[in-house]
Amino acid sequence: MRSVVRLLTFVAALPVLASAQQNPGLHTLHVQGNVYMLVGAGGNVTVQVANDGVLMVDTGLAQMSDQVLAAVKELAKPVTRRPIRYIINTHVHPDHIGGNEKLRAAGTTITGGNVLGTISDATEGAAILAHDEVMKRMSAPTGALAPTPFGAWPTDTYDGDRKELFFNGEAIQMFHPGPAHTNGDSIVFFRRSDVVSTGDIFVTTSYPIIDLQNGGSLNGIIDALNFILDLTIPAEKQEGGTMVIPGHGRLCDEADVVEYRDMVTIIRDRIADMIKKGMTLEQVKAAKPTRDYDPLYGATTGFWTTDMFVEAAYKSLTAKK
Amino acid sequence: MRNLIFAAFLFAASTTVLAQRGQRGDQVPQTPKAAAPIDLTGYWVSIVTEDWRFRMVTPPKGDFASIPTNEAGVAVGNQWDPAKDEAAGEQCKSYGAPAIMRVPGRIHISWDNDTTLKVETDSGQQMRLFHFGEFQPARDPTWQGNSTASWEGSRPARGRGVPASGGSLKVVTTGLRPGYLRKNGYPYSGKTTVTEYYDHTAESNGDSWLIVTTIVNDPVYLNQEFITSTHFKKQPDQAGWNPQPCTAR
């Protein structure tokens, strides 16, 4: 009996092993419902796959596009012959939009009726949805050089606090929580699969990244984390239930977001208290307001160090409103 | 003439008011127990809706997240050795006043006398005494220290039919024997001051809640004040009361 179980386990693991062999460094994880998570492409990539085709949230780094595309095809193969239909960008950073151009080109927009008949290239490429601020930062006025290629730009933007679509038998909501990680963030909620894809508003690998240059805000991140907690509902004993895919790091549930929200709030309050006492940025850094959380989230080297976080937090809290 | 009559009326009226004030001043002042703007007595159970991983289990050595630590505190905390505490008979180090309200369990609040409110815990079987007015503090430091209490921000009872309302109980505790702020050995020193506010809410569904805000100030082992708020729900009786000794692990 034990051998049979072993054999079944091995057979069940084969597709994943095959995927790992074809896409070294890229890992595919089934989250729940129709939603999967690709890890290792830069930022986490969320993939919804079902009969109507593929919807992706973010596309990872440009240099990982081929691997991401291969992984998406691998996921879609047993489920549907339809292509990538939608790409949603959670924000503007290259580790989340880098694959836009290639993955869009591999997909097809859903059109029909007169549009299909009169505009020959109407179906060319998947639709890319994002907040309007993402479009502003990826594009440039006529005559100016845009920071990203035209083919990577959003094809459909929204300006309010939400946008919705229905795809693969599932209601999907995009929420813009206001300035948080950047000023163009979107949180994506798959209502039937019960999965939230947060972009870099929530990460498990570092302190929150406050991109001040792109309109980010520490208090905005806390508000956005609280908003995510409004969406999530835990299952028994506060475990599982709504699953949360962070912008970077491991798959989470509500309790993980609560811990993270508490951490950000506590550190915000500490730094705010030091600012109130008239402490300078250097004095705040020297006081190490993050010391107790550094083993979990701190870094002295790399893209986002503890010092950079404290500095961004200080500047965000002292910025003139 | 009219002005004179008016002045005489004002004088008579003010004299009457003063006389009445004088009579009130002669009244015996209410005891803290009688003047209590909120009734905190009874059995309460702690509701753990946050910090589960610090409160419901003993966190791993070195996990001091959410405590505004300093270098000295971390150094001491990393030396934590529960076996050593057990051998020394110091299992109650994490049950002192700065930490006891965060320990999950039940508490029983009662009036020890007209000026002393008593809080007993079933977890660790600790007893705290909150003294209103002057009292004789213990000479040596203890786990629960010396606590002075006062009613704050309340509207006192006025005559018949106007009960006291609102307000909270403020308790300031010093004279503490050094112990642990968290069960995994993060320390507090003997110079610690604990300031607590006990607030009560009555919900429309009949539930009654006690919210204890605890502010720990330790110039030796804390970088900033350590502030927590802890929730307790009122129990109809002592059912569930389960006294347990302190544990070091």
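**Exercise 1.** Is Cys246(B) buried or exposed?

*Solution.* This model is predicted. Start with the cut-off: buried means under 20% relative accessible area. Cys246(B) has a relative accessible area of 11%, so Cys246(B) is buried.

**Exercise 2.** Find the disulfide partner of Cys246(B), then describe the bond and what the pair ties together.

*Solution.* Step one: take the cut-off, sulfur atoms within 2.5 Å. The sulfur atoms of Cys92(B) and Cys246(B) are 1.9 Å apart, and the two form a disulfide. The count over all chains is one disulfide.

Step two: turn to the torsion. About the S-S bond of Cys92(B) and Cys246(B) it is about 95°, so the disulfide is right-handed.

Cys92(B) sits in the loop between α4 (82-87) and β2 (106-113) of chain B, and Cys246(B) in the segment after β11 (226-235) of chain B, so the pair ties together parts 154 residues apart in sequence.

Step four: check the partner's accessibility. Cys92(B) is at 17%, so Cys92(B) counts as buried.

**Exercise 3.** Describe the surroundings of Thr204(A).

*Solution.* First, locate the residue. Thr204(A) lies in the loop between β11 (195-197) and α7 (218-231) of chain A. Next, its accessibility: at 21%, Thr204(A) counts as partly exposed.

Now list contacts, leaving aside neighbours within four places in sequence. Thr204(A) touches Pro246(A), His248(A), Gly249(A), Arg250(A), Cys252(A) and Tyr297(A). Of these, take Arg250(A): the side chain of Thr204(A) reaches the backbone nitrogen of Arg250(A) at 3.2 Å. Then take Cys252(A): at 1% relative accessibility, Cys252(A) counts as buried.

Terms used. Residues are numbered from 1 along each chain as its sequence is written. Chains are lettered from A and ligands numbered from 1 in the order in which they are written. This is a predicted model: local features need pLDDT of at least 70, side-chain atom pairs count only at pLDDT 80 or more; totals for chains, interfaces and linings use all residues. Side-chain values use heavy atoms; hydrogens and water are left out. Helices (H or I, at least four residues) and strands (E, at least two) are DSSP runs, numbered from the N terminus. Buried means under 20% relative accessible area, exposed over 50%, partly exposed in between (1.4 Å probe, protein chains only). Contact means heavy atoms within 4.5 Å. A polar contact is a pair of N or O atoms within 3.5 Å; within protein, one must be able to donate a hydrogen and the other to accept it, and residues adjacent in sequence count only if both atoms are side-chain atoms.
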